[in-house]
Amino acid sequence: MEPLFLQPVFQEKIWGGDQLHTVFGFDIPNEKIGEDWAISGHPHGVSIVENGPYKGWKVSDLWAEHRELFGNAKGDVFPLLTKILDAEDDLSVQVHPDDSYGLKHEGELGKTECWYIINAKPGSEIVYGHNAKTREELAAMIEAEQWDDLLRRVPVKKGDFFYVPSGTIHAIGKGIMILETQQSSDTTYRVYDYDRKDDQGNTRELHIQQSIDVTTVPAISPELEVTENKKGISSVITYLKTDFFNVYEWDVVGELSLKKDGDYTLVTVVEGYGKLIVDGQSYEVKPGTSCILPAQITEWKVAGEMKIIASTPGKK
Ligand code: ZN
C-alpha cells in the first residue's frame, strides 16, 4: 500500500498573499492565494490523489467507496480538513458553530480548529476570545462596535500552537502562516471585517445574529497539555487529543520510526526536506507535501530534517 499523496487546492482570498509560492514553492494562479486545502474531502475544494492505484480519485469518493482505506471509520463525510493559510492581510473576526448548530442551520459539521504557526512576522497577533461576560453584553458590544474592548489579542511567533474550539471568536492576523487542522466544514460567521472593500467596492457579508448565537460566553481559554516524546534527536510532540482530532508534530532530525495510532493519518510537511519510507519504498517530500497514510500502512519512517504536522481522527 502506498501513501495517498494529494494535489493542492488553492483558494483565492481578499486577505491572501504569495507565500504559498515564495515559501512553499507551489505554482499558484495569482498573488492573492489565502489557502491551500492540503487534505480535503469537502465539496468546496476536494483533494485528488496524485499517485498509485488510486491516482485521480477524489478523497470524498475514496471515503464513499473504499472505506477500508480509512479503517472502516463511521460517518457520512471525511471528517478532517488540513489547510495551509497565508495571511498577507488580517482575516475577518469570526466564529464557527458546533456540530448541532451547524447540522441544523447549515447542513454540515460545525468547526473546531487548531493552528500551528508556521511563521509570523515580528509584531504579529491573533484575535483569540473576547471579554463579554454575558450574551447581552456581547450583543451590545458588537452593536456598538467596541472592538478594542471586546476582542482579546494575543502575540504569536513561529512554532506556537492554538486550539480554537467551535464558539471561539478568533481572527488570524496579517503576517502569519498557519497549518490548520479542522473539522471538514466551510461555515464561517463573520462578526467584523474592518469595513474592508474588495476590488469592486463590495464589503463581505456579516453574520451578526448567528455569531451572537454560537459564541461561547464567557470565553474559555483552553489549557493545552503538550507532551514531547524524545526519540533520539528527533521527537514527537502531542499538541491535542480531542473528540474531533489528535494533532502531532514530528520533529525529524535523521530518522524517525513511527507506528499508526489511529484509523488513518494525515501528514503535511511544514518545513524542511526528506523522505517518507513505507514498505521499503522511499518518497521524496518537501514543504507543502501532503498525504494520507491509509489504515493498511501500520508503520513507516521519516528521514531528513523536517517539521511535519500529522493528525488522526478523534473519537467522534
Ligand atoms: Zn476560523
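In what sense do S4 and strand S11 (residues 176–183) pair, and over how many bridges? The pairing is antiparallel, over 8 bridges. Welcome to a predicted model, in which local features need pLDDT of at least 70, side-chain atom pairs count only at pLDDT 80 or more, and totals for chains, interfaces and linings use all residues. Residues are numbered from 1 along each chain as its sequence is written, and side-chain values use heavy atoms, with hydrogens and water left out.

View A. Helices (H or I, at least four residues) and strands (E, at least two) are DSSP runs, numbered from the N terminus. Two strands pair if DSSP finds at least two bridges between them.

View B. Buried means under 20% relative accessible area, exposed over 50%, and partly exposed in between (1.4 Å probe, protein chains only). Since 8 of the 8 residues of S4 (residues 80–87) are buried, the strand is largely enclosed by the rest of the structure. In a regular strand the side chains alternate between the two faces of the sheet. One side of S4 holds Leu80, Thr82, Ile84 and Asp86, the other Leu81, Lys83, Leu85 and Ala87, and all are buried.

**View C. Salt bridges at Lys83.** A salt bridge is a side-chain nitrogen of Lys or Arg within 4 Å of a carboxyl oxygen of Asp or Glu; by this rule the count comes to 13. Glu35 and Lys83 form one of them (3.6 Å, N to O). This pair links distant parts of the chain, with Glu35 in S3 and Lys83 in S4, 48 residues apart. Lys83 also meets Glu180 in a salt bridge (4.0 Å, N to O). Lys83 lies in S4 and Glu180 in S11, so this pair ties together parts that are 97 residues apart in sequence. Glu35 and Lys83 are both buried, and so is Glu180.

**View D. A salt-bridge network.** Asp89, Asp193, Arg196 and Arg204 are linked by salt bridges. Within this group, the closest N and O atoms of Arg196 and Asp193 are 2.8 Å apart, and both residues are buried.

**View E. Ser235 in strand S14.** Ser235 sits in S14 (residues 234–241) and counts as buried because its relative accessibility is 2%.
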